Amino acid sequence: MNFKIDNAYLLDVNVLCSKLEFEGPLGKYFNLYDDEKSSFEDREINMLYSCIDMILEKNNLNESDIDLAVGGELSNQLGISSQVFKLLNIPLLNVFAACSTISLALGLTSLLVSDRRVFMGLCYTSSYNQCAEKTFRFPIEYGVCKECTQTFTSSIAAVGIVSNIKTDIKISSFTLGKVIDVGFDNPLDLGRAMVPGALECLYEHFKETDTEPKDYDLILTGDLSKYGYEIVKNELNKNYDNVNNYYDCGLMLYSNNFYAGGSGPGTVGSVLFSYVVDKLKNKKYKKVLICATGALFNTTMVGQKKSIPSISHIVVLESV
Amino acid sequence: MVSLLKKVYFLCLNLVNIAIIIMVIIMKDRNYYLNLLKCQNDYYKMLKNFLLAFLFGGIISIFGEFIYDIYNKILSFNSDESIMLMYISIILISGVLTAIGIYDNLVMIGKSAFSIMITGFANSVTSAGMDYHYEGIVGVLLNVLKLAGSVIVLGSFSAILVSFILYLWSVIV
């Protein structure tokens, strides 16, 4: 399902990260958040709240200027969003789409802004390494041999403001994806589990907008790990000729051979709201496609021997 | 009447055929993606992991013998008592190493040797409890046996079963 959007511009962005990402290859675009004193959920709440506070202060905005907040993260029943937004006075529309939340949030905000129902919207996402490990895998200090296909959840909070005010960057297209399930059931290999969702959404986007991969300056998928990245690259080269502008966000965030890549909703959010926005403002790229992928993984369903479905959403950014 | 029944019968057959064809098309798409996602086992790496686990399992056993010797020869306990004390000492050492945070780095070196021996049991109990210490003493106590619960239940049950069989054997024979 594809929407053409014509009046939504990205006003400002902000990304907060922890120590490991700050020392990575893209560290110069991020701001560092250092808080070693409370529980892991408290640290994530404080990081997301500081990120929203910083962006409002940078643009001399008040809480009452923002009409709507859209976004989500990985905690149980989205508890962390509730704890952050009880301190702010902004109406909330929180969504869950695992690691593809940021493109869903950005697309929904742009739809509502371009219809002139909302004047200024805020889209957010956040993730924290230890909280995700506790919820989805084993205890943090548990001694288990990690497979070579496991990815590392990043600790990042990413926030952006979308409005009608004309700036250099506009959001031009948004494709909603469907849930795809092919029977894959290995919960330690989520990079490969998200490949069918990414491929189906990419094919549908190219068919409905009548474009090809060479019409874009850069195509980025979310966190497919180095194994999933190879599979998607081979498939795209089979169906379209000579695709050489495609890369993966999880591989850009950390140096080589750090697990199998980065993961989590903060990975796509951080690369989108720092590296891509910077290149679009300096007119190095003109049209960028972001395909964020998520594995809808639930420990109860996997325990009952069901397979892991995946979903993916696409957002296209252009420089004006 | 018979011709009407025949028409209904052939209509049902056609519908079943169409359903089978659609299922085959969907399964073909699904199987295509499943074949893409298959991965090969890296046998060279598996062999290296097996040898490392074997080596480090032996090192832990030698360490256990060393502690047994300390209790038996230097502190002059009985043979049975010093075996018990050796087990308790190893559990204490693994618990302290988990609490400091070094244990999962050790596992990355020694692969599965550290998780199969009694040290692995102590590590699972300690790490599961550590996660919940912000929920108070009740949180820790509720979650300490989260990963080790199956070991305890199956151990008790098999002990009861085997002793029951032995009792029947001694009564019959």
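A polar contact here is a pair of N or O atoms within 3.5 Å; within protein, one must be able to donate a hydrogen and the other to accept it, and residues adjacent in sequence count only if both atoms are side-chain atoms. The model is predicted, so local features need pLDDT of at least 70 and side-chain atom pairs count only at pLDDT 80 or more, while totals for chains, interfaces and linings use all residues. Residues are numbered from 1 along each chain as its sequence is written, chains are lettered from A and ligands numbered from 1 in the order in which they are written, and side-chain values use heavy atoms, with hydrogens and water left out.

**Stop 1: the interface**

Select chain B together with chain A. In contact (heavy atoms within 4.5 Å) are 24 residues of chain B and 25 residues of chain A. The two chains bury about 2,200 Å² between them, 63% of it on carbon and sulfur atoms; buried area is the accessible area (1.4 Å probe) that two parts lose on being put together, summed over both. Next, pick Tyr33(B), Leu37(B) and Asp131(B): they supply 32% of the area that chain B buries against chain A, more than any other three residues.

For polar contacts, the rule finds 3 residue pairs across this interface, both residues at pLDDT 80 or more. It finds 0 salt bridges there, a salt bridge being a side-chain nitrogen of Lys or Arg within 4 Å of a carboxyl oxygen of Asp or Glu.

Now colour helix H1 (2–36), helix H4 (103–110) and helix H6 (118–130) of chain B, the elements that give two or more residues to the side touching chain A. Helices (H or I, at least four residues) and strands (E, at least two) are DSSP runs, numbered from the N terminus.

**Stop 2**

Over all chains the count comes to 9 salt bridges. Accessibility is labelled buried under 20% relative accessible area, exposed over 50%, and partly exposed in between (1.4 Å probe, protein chains only).

Select Glu133(A) and Arg137(A), whose side chains meet at 3.5 Å, N to O, in a salt bridge. Glu133(A) is buried at 18%; Arg137(A) is partly exposed at 22%.

Move to Lys178(A) and Glu204(A), a salt bridge with its closest N and O atoms 3.8 Å apart. Lys178(A) lies in the loop between strand E9 (169–175) and helix H6 (190–193) of chain A, and Glu204(A) in helix H7 (residues 195–209) of chain A, so the pair ties together parts 26 residues apart in sequence. Lys178(A) is exposed at 56%, whereas Glu204(A) is buried at 18%.

Finish at Glu212(A) and Lys214(A), a salt bridge with the closest N and O atoms 3.0 Å apart.
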